[in-house]
Amino acid sequence: MPDRKKTVVLVVEDEPLILMDAMQSLEDAGFDVIDAYDSEHALMRLSERPDIDAVFTDVNMPGRFDGVQLARMVSERRPDMVILVTSGAIKVQRADLPEGGQFIPKPYRGEHVARLIEELVGAGA
Amino acid sequence: MTDTDMSPLLDRLLSWSLERSLSAWIRYSITTVVIIAVGLFRMLIVGSIVPWLLFIPVVLTAGLLLGRGTGIYATLLSAAVAGLSIGDPAEQFWLTGPQWIGTTLFVLVVSGVAILAAELRAVFARAQRLGIAKGAAEASLNAVFENAPVGLSLAAASGKSVLINEQMRRLLGRDISQGGIDRYLGVNAIHDDGSSYTLGEYPQVDAIRHGVETHAAPFLIERPDSSRLRTEISSVPLYGRDGAVTGAVSVIVDVEERERAVDHQTLLIGELAHRMKNTMAMVQAIVHQSLRSAGTLAEARESVISRFEALVRAQDLLTSADWRLTNLDAVVRGALETVNGDGRLLIAGCPVEVGARAAMSFTLVLHELATNALKYGALSIPTGRVEVRWREEGTETGRSVVFTWQELGGPVVLPPSRKGFGTRLIDSMGRGFGGQSEFQYDPTGVRWQASADTERLKTT
């Protein structure tokens with residue numbers, strides 16, 4: 001019996017420690033994790049890996065686009081993509097996020113994020 | 001008693017006499033001379049009729065211009081001179097009985113006149129003093145009005161301007177002293193959305209028309225040069241005796257600076273909250289990771305505590321730099337402060353500025369590297385040493401910093417079977433700052449090299 005394909009999550013976060021911790025938690029939850037340190041890097045990863053099922057991104061990042069803009073751009077390219085946005089600074093309004101996007105404030109529990117992604121990917125499948 | 005009721009000549013004479021305050025003997029001398037002259041004149045020209053009549057104006061004038069004492073003296077002297085001139089040496093008491101009665105009556109009545117004249121003089125003097133005081137008070141009030149550091153204006157019930165100070169003109173950027181109540185539209189106050197106030201919305205107009213009092217209400221003014229000034233306005237109606245509104249007083253205070261300070265503070269607080277949340281997230285990651293990789297609770301406690309301490313040291317460094325940019329050299333030395341090098345630690349690099357994120361991340365990474373070096377690497381034996389170096393390089397996309405941690409002369413270190421907190425963090429580090437990270441277990445010693453974009457390193 002072949003293994004069920006692992007859900008692939010792209011984590012976009014510029015702070016190394018937080019990035020590392022997020023990746024660790026998602027790996028522990030059984031996901032396959034890919035990292036990106038800003039929006040442009042994230043878009044690059046998305047073109048490299050068409051098998052990405054979910055994107056978990058921070059809002060405040062250096063570079064041309066912030067997390068909310070990234071979420072919108074990803075949603076345009078891949079309307080089925082599960083998008084989870086997080087931030088310590090801004091409470092992002094539902095209206096700012098694309099259809100199907102969700103917000104989770106920092107600091108977050110890794111397990112909580114994992115469960116949320118699990119649910120959203122499951123719901124879409 | 002106002003100036004318009006008195007003849008200007010009398011006014012001037014009285015003022016002059018009050019000002020000059022002649023000495024007593026001059027006053028009495030002048031009086032004496034005049035009375036004697038009048039006496040002589042009367043004797044030579046007028047003859048024996050109306051003996052005392054001509055002296056009355058003299059007494060009056062003396063009392064008015066020279067004071068009560070002189071007035072009474074003039075009365076007595078006049079009586080004496082008159083008596084002398086109408087007397088008869090043949091009479092037993094120089095004057096006849098009726099003449100004595102006449103003299104007495106003269107003295108009594110004309111003294112009263114002299115006193116009255118002197119009182120008039122005193123009244124004039126008091127009125128003059130009052131006028132001077134009032135003038136001085138007005139001058140002080142004027143000075144206050146003109147120089148007050150707030151805009152002041154006084155309007156009549158018709159809406160016309162009575163007084164406007166210079167500061168008001170400066171705040172408004174224009175002169176609105178001309179015209180009736182419509183002139184307030186010239187103030188050009190606007191709401192937050194940019195729409196102009198209608199005439200009725202102006203507090204000054206509200207005060208005049210409806211007796212409404214406004215106290216320190218926010219008032220945004222758009223000036224002729226299109227600049228917007230945040231002010232606070234207070235408008236208070238003035239009432240006459242009959243309770244009707246006779247005008248209004250308005251004060252406008254420039255609060256632009258205060259509001260900017262408040263805006264700035266709000267911004268800083270927002271930034272602070274953001275930083276704190278990020279720090280919390282980092283602390284959470286440290287605890288989470290430390291607990292995962294520790295074998296025993298004691299190990300966990302030790303690793304959490306020492307990582308916290310490293311983070312706190314980095315934060316202290318940042319606080320001393322106002323959480324702006326700090327020197328990489330200071331960060332590295334701070335992170336490796338507790339490592340007892342004994343000269344086995346070499347730190348050398350070019351001046352590089354880093355922001356809060358890089359400072360904290362570098363600190364944690366160096367802490368891991370140092371801890372491992374002490375436990376298993378070059379710093380675990382006396383002959384081992386560590387060289388920490390960094391330099392700047394140009395790349396196609398910009399400039400980057402190449403950072404190297406090289407252990408030398410230590411025991412051979414084997415790569416662990418599982419990736420620990422340190423190695424994972426190091427991997428993330430490199431990528432987090434838009435560069436690369438390479439960790440090698442060379443036989444010569446552990447080596448970590450990372451490159452990061454110089455601009456990325458400056459992010460907070």
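**View 1. Strand S1 (residues 151-156) of chain B pairs with S6(B) in the antiparallel sense over six bridges.** Strands here are DSSP runs of E with at least two residues, helices are runs of H or I with at least four, and both are numbered from the N terminus. Two strands count as paired if DSSP finds at least two bridges between them. The model is predicted: local features need pLDDT of at least 70, side-chain atom pairs count only at pLDDT 80 or more, and totals for chains, interfaces and linings use all residues. Residues are numbered from 1 along each chain as its sequence is written, while chains are lettered from A and ligands numbered from 1 in the order in which they are written.

**View 2. Strands S5 (residues 228-239) and S6 (residues 245-254) of chain B pair in the antiparallel sense over nine bridges.** B:Thr231 is bridged to B:Asp254 in S6(B). The two strands form a hairpin with five residues between them. In that turn, B:Gly243 has a positive phi of about 85 degrees.

**View 3. Six strands of chain B form an open sheet with antiparallel pairing.** The order is S2-S1-S6-S5-S4-S3. Strand S2 (161-164) and strand S3 (189-190) are the edge strands, and each pairs on one side only.

**View 4. A second open sheet in chain B has five strands and mixed pairing.** Its order is S8-S10-S11-S13-S12. The edges are strand S8 (345-349) and S12, each pairing on one side only. From one strand to the next, the twist averages 10 degrees. Axes are lines fitted to C-alpha atoms, for helices over the stretch in contact, and angles run from 0 to 180 degrees between N-to-C directions. Helix H10 (residues 328-335) of chain B packs on this sheet and touches S8 and strand S10 (385-394). The direction of H10 makes about 165 degrees with that of S8(B). Touching residues are in contact, with C-beta atoms, placed from the backbone, within 7 Å.

**View 5. S13(B) pairs with both S11(B) and S12(B).** Strand S11 (residues 399-408) and S13(B) are antiparallel, with seven bridges. B:Ser400 has B:Asp453 in S13(B) as its bridge partner. Strand S12 (residues 436-441) and strand S13 (residues 446-453) also run antiparallel, joined by six bridges. Here B:Gln436 partners B:Ser451. S12(B) and S13(B) form a hairpin with four residues between them. B:Gly445 in the turn has a positive phi of about 160 degrees.

**View 6. Helices H2 (residues 24-46) and H3 (residues 55-66) of chain B pack at an angle of about 165 degrees, with axes 10 Å apart.** H2(B) is therefore roughly antiparallel to H3(B); that label needs an angle over 145 degrees, with under 35 roughly parallel, 65 to 115 roughly perpendicular and the rest oblique. The crossing is right-handed, meaning that the near helix is turned clockwise from the far one by less than a right angle (anticlockwise is left-handed). From H2(B) come B:Arg27, B:Thr31, B:Val34, B:Ile35 and B:Val38. They meet B:Phe55, B:Val58, B:Ala62 and B:Leu66 of H3(B). The contact has seven nonpolar residues, one polar and one charged. Nonpolar covers Ala, Val, Leu, Ile, Met, Phe, Trp, Tyr, Cys and Pro; Asp, Glu, Lys and Arg are charged; the others, Gly among them, are polar.

**View 7. The axes of H8(B) and helix H9 (residues 297-320) of chain B come within 9 Å and cross at roughly 155 degrees.** That angle makes H8(B) roughly antiparallel to H9(B). The crossing is right-handed. H8(B) contributes B:Met282, B:Ile286, B:Val287, B:Ser290 and B:Leu291. H9(B) contributes B:Ala300, B:Ser303, B:Val304, B:Arg307, B:Phe308 and B:Leu311. By class, the contact has eight nonpolar, two polar and one charged residues.

**View 8. Chain B touches chain A through 22 residues, in contact with 16 of chain A.** Helices H8 (256-293), H11 (356-375) and H12 (421-432) of chain B each give two or more residues to this side. H8(B) supplies the largest share, 10 residues. The chain B side has seven nonpolar, 10 polar and five charged residues.

Conventions. Two residues are in contact if their C-beta atoms, placed from the backbone, lie within 7 Å.
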